[in-house]
Amino acid sequence: MKTVSISIYTIRITNRIGTEHQNVSNFGGGNDLFDTMQSYFQTLHQDIAHDIERQLLLRVSNLQSSRRTLSGFFEKGEYGIESDLLNIEDEALMYEREITDAEMLPYYFLVVVPEDTDQAFVVLQKTGVSGVKGTFEIELRSWFSQQFPEFRIQ
């Protein structure tokens, strides 16, 4: 059985020019990171993020919102490799994975965005050595910089 673990990270927002951390519930003249993250997750729920260079897919399922907390599952899939899927009981070939097939593995997430502070928190699941942090970080930074070009998310 694979080991399942969780890791906790902080999210901060700074302006592009300096290093001053912004209030996550009120940055850039009234923007709220909670609303921003909810919009980001809804985007990933409707449209799969496709990183062609890294051959990765990322989407969100079971998105839940309560007060200033968001939770759900990232589903991350990698493609680019052909392989056989065998039944472990009789070793029979069950499926021949093609280069364009991506197995979408689930990873739980929880985001908490408190009011009147300069940091939010993200809890991410890891299964064995596989996780979603790197992919999530790349996708979130790219999306955030398009929405708020005068700020950086860390």
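Modeller: Helices (H or I, at least four residues) and strands (E, at least two) are DSSP runs, numbered from the N terminus. As a case here, D84 lies in strand β6, which covers residues 83-86. This is a predicted model, in which local features need pLDDT of at least 70 and side-chain atom pairs count only at pLDDT 80 or more, while totals for chains, interfaces and linings use all residues. Residues are numbered from 1 along each chain as its sequence is written, and side-chain values use heavy atoms, with hydrogens and water left out.

Colleague: How many aromatic pairs does a search of the whole structure find?

Modeller: Rings of Phe, Tyr and Trp (its six-membered ring) pair if their centres lie within 6.5 Å, and planes under 30 degrees apart count as stacked, over 60 as edge-to-face and the rest as tilted. Searching the whole structure gives 13 aromatic pairs. One of them joins Y40 and F136, whose ring centres are 6.3 Å apart with planes at 45 degrees, so this pair is tilted. Y40 belongs to helix α1 (residues 33-46) and F136 to helix α2 (residues 133-147), and the pair links distant parts of the chain, 96 residues apart.

Colleague: Are Y40 and F136 buried or exposed?

Modeller: Buried means under 20% relative accessible area, exposed over 50%, and partly exposed in between (1.4 Å probe, protein chains only). By that scale, both Y40 and F136 are buried. Y40 also pairs with W143, and there the ring centres are 5.3 Å apart and the planes stand at 55 degrees, so that pair too is tilted. Because Y40 lies in helix α1 and W143 in helix α2, the pair ties together parts that are 103 residues apart in sequence. W143 is buried, as is Y40.

Colleague: Which residues do ring pairs link into a cluster?

Modeller: The cluster linked by ring pairs is made of Y40, F41, F74, F109, F136 and W143.

Colleague: Turning to charges, how many salt bridges are there?

Modeller: Side chains of opposite charge can pair when their charged atoms come close. The rule used here asks for a side-chain nitrogen of Lys or Arg within 4 Å of a carboxyl oxygen of Asp or Glu, and by it the count is 7 salt bridges. In one of them R68 is bridged to D32, with the closest N and O atoms 2.8 Å apart. R68 sits in the loop between β4 (56-66) and β5 (69-78), and D32 in the loop between β2 (13-15) and α1, so the pair ties together parts that are 36 residues apart in sequence. R68 counts as buried at 17% relative accessibility, and D32 is buried with a relative accessible area of 13%.

Colleague: Which residue forms a salt bridge with R59, and where do the two lie?

Modeller: The partner of R59 is E75, and their closest N and O atoms are 2.4 Å apart. R59 lies in strand β4 and E75 in strand β5, so the bridge ties together parts that are 16 residues apart in sequence. At 30% relative accessibility R59 counts as partly exposed, whereas E75, at 16%, counts as buried. Elsewhere, R54 forms a salt bridge with D51, the closest N and O atoms being 3.6 Å apart; R54 is partly exposed at 36% relative accessible area, and D51 is buried at 14%.

Colleague: Which residues are linked in a network of salt bridges?

Modeller: Salt bridges link K133, E137 and R141 in a network.
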